[in-house]
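Keep the sequence at hand as you read.

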Amino acid sequence: MSISIKSINKTFGNYAALENISLEVPNGSLTALLGPSGSGKTTLLRIVAGLEFSDPGEGRILFHGEDVSETPAGKRGVGFVFQHYALFRHMTIAENIAFGLSVLPRSLRPAKAEIHARISELLKLVKLEGLDKRRPHELSGGQRQRVALARALAIQPKVLLLDEPFGALDAQVRKSLRRWLRVFHDEIGLTTLFVTHDQEEALELADQVVVMRNARIEQVGKPQEIYDHPRSPFVYEFLGNVNKLSASNGSHRYIRPHEIEIAFAAEYNPETDRLAKIDHLFSAGPVATLSVRLDDGQFLEVEISRKQLDELALDPGDEVSIRIMDSSKSGV
Amino acid sequence: MAKRRVIPGFGLSMGFSITYLSLIILIPLAALFIKAAGLGWAEWWNLLTTPRVIAATKLTFGASAAAASVSMVMGLLVTWVLVRYDFPGRRLLDAMVDLPFALPTAVAGITLTQIYAPNGWIGQYISQCASWIQTNYQPGGWLGGQVEDLAAKGAAYSPIGVFIALTFIGFPFVVRTLQPVMEDLGAEIEEAAATLGANRWIVFRRVILPLLVPALITGFTLAFARAIGEYGSVIFISGNLPMKTEILPLLIVAQLEQFKYEAAAVIASAMLLVSFALLFLINLLQRRLDWQHR
Ligand SMILES: Nc1ncnc2c1ncn2[C@@H]1O[C@H](COP(=O)(O)OP(=O)(O)O)[C@@H](O)[C@H]1O
Ligand SMILES: [Mg+2]
């Protein structure tokens, strides 16, 4: 089910948290709301869920063309996963997951046996078989996250909304859970909107990335599109490590560390290259990071493969020739 | 080999705690029981089964339980308003909750008596209301007696007066135990329940209330324990009629005034034992209802 967000404004007191936000989330897509903290991502997600309402006016939320702007959260059919899970700590895992079904009016409520079957199915789906009798405080962060997900899915929502789903997890769990979510999404095909402030997460996971900044949408597109063609310096800088290189006429350009080639000073070609001195070397992984100082005193960060570094056999203080590849972007 | 503990100083702190508890609680209580032991079992039994003691016991524990129950319900309501809403005068109301703690109980007793006496601010209406019920419905039995009392004497000088005084002094315990727990609940679990389709009533009954139950019971227990031992505020409003509005603490004082020290000690000891048994039972119940211990 697609989500259409049309001209949403939201103010808290006189602080504008969202300004004229319009966005299409295609049916079955996995869309990321990416932006720094305070940019309004959570507020937008909550408005889509019906936990918050946009300022009175033209703002509309449509699910599959149907206006749900006035529909309360409980009737929108959204699965919402909170940043800190918000599990019911006095209930078992099974009771947590069954909650949405158990509060249905009697006429719509599935039979006990069917609820049981659904719980087992969901526990299997989120890989938590056998934990149904535990309580939330007995689970790890990653497990709680998946319980929250199973609980949200139990009501068979039309859309899934996740607020910083991996925010509170450590790096290892975060990565594996991220991959798992991608596979999981492809399996169930549920339209999913998730919030993150981590560009790597958004780029790796999403079909569509929405970059937000200061209550506005800065850019929308496929991860590759956004990474290769950032529309503003903000997006450029936010999407990853970037060098800002100033020219003598006051303009500047942005260059990603991997868009710089490095060679021996002997191969220097004044037409295309610049001379630089290696200032610092960091080579603990498969990718080596060099910090070089240009002839005009500016510093650049350069990424090359470990293999190339070994071939060049560079040391701090060595003079090198660098070439900036064409794909990099001239700045604004 | 002794088990190694993460937090050092267990021996020292345990020793200190036991010594302190002994000094503050156990030694005075032991003295009381020793005094009571001056009388034999038969005398104990005779003393404790006199109709006057039985009536006072029923009134003390009955009115205390009723008052603590009402405090629990009303305390929940007031705490809800204090925690969940922001309105002008909220801080004032918050501070007012503690007044029964601070007021000398005798002052509370005298004030309550004046208010609830048949010509008092509230008492006159209660009295009129009871008269009306009497003439129109003529209830009989126990209820009839209560209504007749109310008509004649307002809410003062009756078991209902005792109940009112005990409600007054027990109420802050419930609010003050509930308040921090309710403040810590946070909006997210309610929102989670709402997105899952629960209406407000279900959210309250199945999500909020269960999380408050341990604190509610603690508040009830404190209010109940305080009410059992309450003396100052009750003696003014109750009228102290033996067999009718006499509470156990007053009965004990009455014994002392007649220099019957052993009798006073016996009643006090028995009262303590019953209180302890009740508090212990409530504690067990709380553990069963408390999700943290399941
Ligand atoms: N209930 C609220 N009352 C007042 N201000 C709020 C409220 N919710 C959010 N804000 C403000 O709106 C801005 C956007 O918040 P939020 O949507 O949570 O940002 P993000 O999720 O991108 O970090 C923040 O400056 C925040 O302080
Ligand atoms: Mg947020």
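Which element gives the most to the lining of the second largest cavity? The answer is α4(A), with three residues. Helices here are DSSP runs of H or I, at least four residues, numbered from the N terminus.

This is a predicted model, where local features need pLDDT of at least 70, side-chain atom pairs count only at pLDDT 80 or more, and totals for chains, interfaces and linings use all residues. Residues are numbered from 1 along each chain as its sequence is written, chains are lettered from A in the order in which they are written, and side-chain values use heavy atoms, without hydrogens and water.

A cavity is a set of points on a 1 Å grid over the protein atoms alone where a 1.4 Å probe fits but cannot get out; lining residues have an atom within 4 Å of a point. Volume is the space filled by probe spheres set on the points. The whole structure holds two cavities of 30 Å³ or more.

Two or more lining residues come from each of α4 (141–154) and α5 (171–188) of chain A.

The second largest cavity has about 30 Å³ of space. A:F80, A:A148, A:R151, A:A152, B:A192, B:T195 and B:L196 line it. Here α10 of chain B supplies at least two residues, as does α4 of chain A.

Now follow α10(B), residues 188–195. Just after the helix, B:G197 takes a positive phi of about 100°.

How values were computed:
Buried means under 20% relative accessible area, exposed over 50%, partly exposed in between (1.4 Å probe, protein chains only). On a 1 Å grid over the protein atoms alone, a cavity is a set of points where a 1.4 Å probe fits but cannot get out, and a pocket is an open set with protein on both sides within 12 Å along at least five of seven lines; lining residues have an atom within 4 Å of a point.
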